[in-house]
Amino acid sequence: MHSHDILVETACPLDCPDSCSLSVKVNGGRVVSIDGSRLQPVTRGYICAKVRRFPEHVYGASRVQYPVVRHGPKGHATFARVSWDEALGMIASIIAKVRERWGGEAILPFSYGGSNGLVSQDTTDARLFRRLGASRLLRSVCAAPTGAALEALYGKMPSVAYDDYVEARLIVVWGANPSVTGIHLLPYIREAQRRGARLVVVDPRRTPLARLADLHLPVRPGTDVVVALALHRFLFEQGAADRQFLDRHARGADELRERALEWPIERVAEIAGVEAVDLQRFAEMYATTSPAVIRCGWGVERNRNGGNAVLAILALPAVAGKFGVRGGGYTMSTSGAWKLDRDRWIAAGEQATRVVNMNHLGRALTELADPPIKTLFVYNCNPAVTMPDQNRVVRGLEREDLFTVVFDQVFTDTALYADIVLPATTFLEAYDIARGYGALSLQLVQPVIDAIGEARPNAQVFGDLLTACEQNGDEEPQGELDVLMRVLDGLPERAATQLRESRFAVPECGGTPVQFENVFPRTPDGKVDLFPASLEAETHGRLYTFTGDPATDRYPLALISPATDKTISSTLGDLGQPEAKLLMHPDDATARGIADGDVVRAANDLGEVHCPVTVAPAVRPGTVVLPKGLWRKSTRNGSTATALAADTLTDFAGGACFNDARVEVSLVERRAH
Ligand SMILES: Nc1nc2c(c(=O)[nH]1)N[C@H]1C(S)=C(S)[C@@H](COP(=O)(O)OP(=O)(O)OC[C@H]3O[C@@H](n4cnc5c(=O)[nH]c(N)nc54)[C@H](O)[C@@H]3O)O[C@H]1N2
Ligand SMILES: Nc1nc2c(c(=O)[nH]1)N[C@H]1C(S)=C(S)[C@@H](COP(=O)(O)OP(=O)(O)OC[C@H]3O[C@@H](n4cnc5c(=O)[nH]c(N)nc54)[C@H](O)[C@@H]3O)O[C@H]1N2
Ligand code: SF4
Ligand SMILES: [Mo]
């Protein structure tokens, strides 16, 4: 420490399950470094390399410093500075004209993860757009099917905590890559292994954990539903289903069993592209080992079979009777551990305006009528690179008659298409309340430095827009701190008290959650619903069924786009990031005359991506990999994985099908020697 260094405690609210507590070193009002603190037990004093680099984002050349308006053509990044008052005035006057001519539904607010906190989203923004009668956004790009499955089966019963993984004898990591996406789970898995636990990984890629696993099942993307159903069938057929538990605590077991019967191990092994003996071994291990825990990730949901797959996976611990012991059960998002009622702090009143699925942004901007979208307000989100069907999204953003506001910290690929760009604070410059979805906590996020340039926090800007648009009621929040206090007042009392006293709160269940011991399903009748009628209706009678693989003769390769350790979705894509590479199995490369380091084209009818290729057996044959969250500058032709993903929706809950992309890969240019 230098003499003038001070340490400020805060928390990381980025879209990551772990929700680290942070200790930020500041000198002369400038961030020097960011490290973990021990307030959050899960953090154990260390954080990821991404957030260690966060100061480069705060002070980087891409930072939006003040409001700007567009001068040149859309997408050309020619902007001129204006004052906040001018910018807000222009937005208010255009919104007024649009509402008068087209009605409120011609306005589409567009937001997602961003800083993921309780203050920076769904507060004054929600109030503004409801008052304006804007179209409503279905926030479905991520976790919609997993959330719906978890709600229907268990009413979002809290998950097995990271700490309790050490108690497990069998750990199944299914479509998750915690080595990158939730790094604090790793030491617990390693500790469990040292104590003799076995590890199974279900993933088309050889992830770091797959290398350490006793069994790695490299399934074809999108086939998890039948893999899980084969396990169910095995459990029922071998007398390993826990009848007593099912009779007392579940309903729908017979219907599930009936659908599972169609899926014997040999048939499933063929479809999933794995060895039948391996699948058999997995089933035997799961049937005979306790405590057994399944860490289900979000890689499972991103395809046309995704909802059913998550449902079938999360139903396994109920059928196999794995609950009731520490280290047994499932882990999915833990955000439902808090029963939060946002209406207690938004209180804007529901409005029955039309709903736009965010995965259909391109379609909405180019096809929607009655009324068409005339104003798009983007914040906490970078849709030009993160939503499906990138080329159609960009065509929509290029519309000259579309008025687009982008409110962000940096000039994202989306901001380049804006008519007005507004500067947002980062979490180091604002208040928030961070909620982990792996770690079980709420934490206070507080400013450690003054706002950069003229950046302002969301809560304040949307509050100011309420005024500018003359949508103020009597009891409008007066700025960011007022919103923070209102959120605190609306939280469960115990959590609010803990946050006020120590900046940190945990849900009450007497220690960590032990499923069916101190936490129970929150379904209407308190039972596990293995065959939810609502989802059976939504899928038109196709619950627990498999709709096949979208591959065609022209586009035989499955393209998946998992998270990397460099960015969080597209956040931090502004930093100098390495050029994107397509990962391909040697068999697929040889068949196409492609060698490591060549520049290739991955293409289908929607678009194409040009980039160098890495040829390695780190992915199964028939599947290729591009990172998610790339900025357009990361590839040779400015297209990213989302350009190859159709905007088809998951079997239920309207989720995105990024991993249903099917492509052909061909040589563009030999590697230079
Ligand atoms: N460093 C970093 N951390 C992050 C993020 C990030 O971008 N970067 N993103 C955050 C967000 S928004 C989320 S949602 C979470 C996501 O965290 P994860 O659940 O880990 O999500 P993914 O990386 O999308 O996919 C996980 C794994 O699923 C595999 N997979 C792909 N398709 C299939 C399939 O059909 N079946 C099976 N069994 N596996 C499949 C992929 O190969 C990958 O290894 O991580 C969060 N944490
Ligand atoms: N190909 C492919 N694409 C994917 C996925 C995939 O698997 N494959 N996965 C998807 C997943 S899991 C997710 S969650 C989505 C995420 O997609 P997005 O929701 O678009 O998330 P980010 O790309 O992180 O963009 C968040 C933006 O919010 C800004 N921001 C952060 N905090 C604030 C704030 O307080 N105020 C304002 N105004 N702005 C702020 C950041 O600077 C950043 O530009 O991407 C999806 N995209
Ligand atoms: S991104 Fe995740 S691992 Fe990194 S500091 Fe934030 S919460 Fe921790
Ligand atoms: Mo996500």
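**A guided first look**

Guide: Let us begin with a helix: Thr124, Asp125, Ala126, Arg127, Leu128, Phe129 and Arg130 are the buried residues of H4. Buried means under 20% relative accessible area, exposed over 50% and partly exposed in between, with a 1.4 Å probe and protein chains only. Helices (H or I, at least four residues) and strands (E, at least two) are DSSP runs numbered from the N terminus.

Visitor: What should I know about the model and its numbering?

Guide: This is a predicted model, where local features need pLDDT of at least 70, side-chain atom pairs count only at pLDDT 80 or more, and totals for chains, interfaces and linings use all residues. Residues are numbered from 1 along each chain as its sequence is written, chains are lettered from A and ligands numbered from 1 in the order in which they are written, and side-chain values use heavy atoms, with hydrogens and water left out.

Visitor: What covers the buried residues of H4?

Guide: The cover includes strand E6 (107-111), E15, helix H18 (458-468) and helix H19 (480-490). In H4 (residues 124-131), seven of the eight residues are buried.

Visitor: Why is helix H17 largely enclosed?

Guide: Six of the eight residues of H17 (residues 390-397) are buried, so the rest of the structure largely encloses this helix. Those buried residues pack against helix H15 (361-367), strand E15 (375-379) and helix H16 (383-386), where contact means heavy atoms within 4.5 Å.

Visitor: How do I read backbone angles?

Guide: Most residues other than glycine have a negative phi, and most peptide bonds are trans. Here, Ala143 has a positive phi of about 70° and sits in the loop between strand E7 (136-138) and helix H5 (144-154). Phe516 also has a positive phi, near 65°. The peptide bond from Ser290 to Pro291 is cis, with omega near -10°.

Visitor: Is Phe516 buried or exposed?

Guide: Phe516 counts as buried, at 12% relative accessibility.

Visitor: Which residues are closest to ligand 1?

Guide: Asp203, Arg205, Asp224, Trp298 and Thr567 are the closest of the 35 residues that surround ligand 1; a residue is near a molecule if one of its heavy atoms lies within 4 Å of it.

Visitor: Where does the backbone come in?

Guide: A backbone N or O atom of Thr564 lies 2.9 Å from a nitrogen atom of ligand 1, and for Thr567 the corresponding distance is 2.7 Å. A polar contact is a pair of N or O atoms within 3.5 Å.

Technical notes
A polar contact is a pair of N or O atoms within 3.5 Å; within protein, one must be able to donate a hydrogen and the other to accept it, and residues adjacent in sequence count only if both atoms are side-chain atoms.
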